[in-house]
Amino acid sequence: MSGAFEPEQILALDLPSTLFRLQFWRPFSAACFLGKPSMSWATTLYLLIKYGCELEQEVGSSAYAKFLILQFFLLIGLGSMIGLPFFANSLVTAIIYAASRLHPMANIQFQFGIKLKYYMLPFGLMVIEMLQAQSVAAIIPHICGVLTAHFHHFFAVVWPQIQNDLNGGSSDRRRQVSSSLSPSLSALNKPGRKLFPSSVAQKEASSSSNTQLVELDDAEEEDDDDTLFDDTEFDDDDDLSDDDGLFDEDF
């Protein structure tokens with residue numbers, strides 16, 4: 001009877017119990033339960049805080065929240081298919097993988113003073129987890145996290161780049177023209193540089209373009225005025241030369 005109240009049985013992911021017994025807490029508890037307090041539990045919590053904050057600062061809170069929601073549902077489906085009771089470690093690995101893809105070739109300090117490239121960090125953590133648990137099965141949650149995070153990375157980053165390459169240089173030319181016409185808007189749209197909402201940026205860009213058009217119109221009007229003055233001076237010179245001719249004839 002006491003075994004029925006073990007956390008592993010109450011908090012584990014179980015879709016039939018969630019749907020038919022209305023135990024709606026199971027997906028959320030499976031995503032949050034890191035196991036019994038231990039050194040591995042503390043290390044996982046540290047990695048979650050460190051790389052989660054780093055990813056949120058890089059992409060923004062809104063994009064970070066959307067990423068977590070997507071990973072949550074993907075891991076529910078994948079965990080249900082392979083019988084994974086808890087996927088909190090998978091979620092942490094997905095966050096680390098997503099953060100590593102932002103600067104994949106950056107050098108980081110790993111355990112025991114080992115230096116790795118940033119993209120190698122999730123796989124290095126897999127090896128450490130396998131050595132600590134002394135079982136190859138310990139890397140299965142981490143593999144699930146890498147798969148779901150790469151699913152997001154592929155459709156958010158890789159696939160748009162492929163489409164851009166297939167479209168040829170037309171999109172590049174459009175970007176060059178748009179950046180030359182509205183440099184302030186292109187600067188605000190850089191990652192990590194969104195200081196104003198897009199509507200404000202568009203208003204500023206339109207106002208700057210209108211200012212440029214007004215300046216061009218003023219310059220054209222000044223040129224026209226200079227041309228008129230030059231023509232008038234030329235006509236006055238012609239009249240003076242005609243009058244001189246008449247005086248000469250009378251003389």
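**Notebook: helices, cores and a surface patch**

I started at Leu-166, which lies in helix H8. Helices here (H or I, at least four residues) and strands (E, at least two) are DSSP runs, numbered from the N terminus. I looked up how open this residue is. Leu-166 is exposed, with a relative accessible area of 64%. For the terms: buried means under 20% relative accessible area, exposed over 50%, and partly exposed in between (1.4 Å probe, protein chains only).

**Ground rules**

I am reading a predicted model, in which local features need pLDDT of at least 70, side-chain atom pairs count only at pLDDT 80 or more, and totals for chains, interfaces and linings use all residues. Residues are numbered from 1 along each chain as its sequence is written, and side-chain values use heavy atoms, with hydrogens and water left out.

**The patch**

Which residues make the nonpolar surface patch? I listed Leu-70, Phe-151, Phe-155, Trp-159, Ile-162 and Leu-166, covering about 570 Å². Helix H8 (residues 140–166) gives the largest share, five residues. Patches are made of residues with over 30% relative accessible area and no salt bridge; like charges are joined within 9 Å, nonpolar side chains (Val, Leu, Ile, Met, Phe, Trp, Tyr) within 5 Å. A salt bridge is a side-chain nitrogen of Lys or Arg within 4 Å of a carboxyl oxygen of Asp or Glu. Accessible areas come from the Shrake-Rupley method with a 1.4 Å probe; for residues, only the protein chains shown count as cover.

**The cores**

Next I went inside. In soluble globular proteins, nonpolar side chains tend to be buried together. A nonpolar core is a set of buried Ala, Val, Leu, Ile, Met, Phe, Trp, Tyr and Cys residues joined through side-chain atoms within 4.5 Å. The largest one has 23 residues; Tyr-51, Leu-55, Phe-67, Ile-96 and Leu-121 touch the most other members. At least two residues of this core come from each of H4 (39–59), H5 (61–82), H6 (88–100), H7 (121–133) and H8. H6 gives the most, seven residues. Apart from this core lies another, of 14 residues, including Leu-13, Phe-33, Ile-76 and Phe-86.

I then checked Tyr-51. Setting aside residues up to four places away in sequence, Tyr-51 touches Ile-95, Ile-96, Ala-99, Tyr-118 and Leu-121. Contact means heavy atoms within 4.5 Å.

**A loop residue**

Beyond neighbours within four places in sequence, Leu-84 is in contact with Leu-13, Gly-79, Ser-90, Pro-141 and Cys-144. The C-alpha atoms of Leu-84 and Asp-14 are 9.3 Å apart, though the two residues are separated by 70 residues along the chain.

**Two positive phi values**

Most residues other than glycine have a negative phi. Leu-22 has a phi near 60 degrees. Leu-22 sits in the loop between H2 (15–20) and H3 (26–32), and is exposed at 54%. Gln-134 has a phi of about 55 degrees. Gln-134 is in the loop between H7 and H8, and is exposed at 73%.

**Confidence**

Last, I looked at pLDDT, the predictor's confidence in each residue, from 0 to 100. The chain's mean is 74, and 65% of its residues reach 70 or more. Confidence is highest in H6, at 94, and lowest in H10 (residues 183–188), at a mean of 38. Over residues 177–205 pLDDT stays under 50, with 14 contacts beyond four places in sequence.
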